[in-house]
Amino acid sequence: MTKALLVFAVVGIIWQVSVAAAFSRAAPPPGGKYQESEDISFDDQEMVTLSDSAGRCFSQGLRYYDIGRWHEAIKAFEKAALVKPDYELAYFGLGITYFRLEIWEKALISFAKAVKLSPHYAEAYLGMGMAYTVLGRNKDAVEACKKAIHLKPGYAQAHYALALLYLKLGHRESALKECSILKRLDPSLAAEAIHLIDN
């Protein structure tokens, strides 16, 4: 069981790196106003009056996330969601930050909110799958990973996570089937998964 948790820690790190890059590209800083300083402050009155305030808060959250200031990132993503309640990227940012802090229930709630707002958000479904796995809700984890793959068939990290989830559940053949798909998508991830399956 400890080996399985270690494996999913590796999956989590690979997934976080890939999705953090993806969601930062999905929401570039609005109007070149991205601050490079680590001392970032918010003017609540300004946030209410500026049309791009949710995007600015989200960009601040990304910056905090990038420099490892997780609690500040959470506050910034929460402000983005407060200003624009249907902003699925803000909830995804919350999910990935809570995941990083190992606050699994809040990560799951945040990813679920992102999925509710954007039902085709494959990365958020994979986030749910990772959170379900850590919480021991394996059936839900399998379904969430499958949904991510259904939405984005070439999503290598989702195939990798599903292969390792099947391995954890003792379904070796299903794990190997995912690895055969993964070989076409990302040979290095496939080799890593096969190594874990064979050992």
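The structure is a predicted model, in which local features need pLDDT of at least 70 and side-chain atom pairs count only at pLDDT 80 or more, while totals for chains, interfaces and linings use all residues. Residues are numbered from 1 along each chain as its sequence is written, and side-chain values use heavy atoms, with hydrogens and water left out.

Thr97 belongs to helix H5 (residues 88–100). Helices (H or I, at least four residues) and strands (E, at least two) are DSSP runs, numbered from the N terminus. Thr97 has 0% relative accessibility and therefore counts as buried; buried means under 20% relative accessible area, exposed over 50%, and partly exposed in between (1.4 Å probe, protein chains only). Apart from neighbours within four places in sequence, Thr97 is in contact with Tyr65, Trp70, Ala73, Ile74 and Phe77, where contact means heavy atoms within 4.5 Å.

The chain contains 11 helices and 0 strands. Of its 199 residues, 47% are buried. Among contacts between residues at least 6 apart in sequence, 59% join residues at least 24 apart.

A nonpolar core is defined as a set of buried Ala, Val, Leu, Ile, Met, Phe, Trp, Tyr and Cys residues joined through side-chain atoms within 4.5 Å. The largest such core has 59 residues, and those with the most contacts inside it are Phe58, Tyr87, Leu126, Met128, Ala148, Tyr160 and Leu182. Helix H9 (residues 156–169) supplies the largest share of this core, 9 residues.

The count of salt bridges (a side-chain nitrogen of Lys or Arg within 4 Å of a carboxyl oxygen of Asp or Glu) comes to 4. One of them joins Arg172 and Asp198, at 2.9 Å from N to O. This pair links distant parts of the chain, with Arg172 in helix H10 (residues 172–185) and Asp198 in helix H11 (residues 187–198), 26 residues apart. Arg172 is partly exposed at 39% relative accessible area, as is Asp198 at 48%. Arg137 and Asp140 form a salt bridge at 3.1 Å, N to O. In the salt bridge between Glu72 and Arg69, the closest N and O atoms are 3.4 Å apart.
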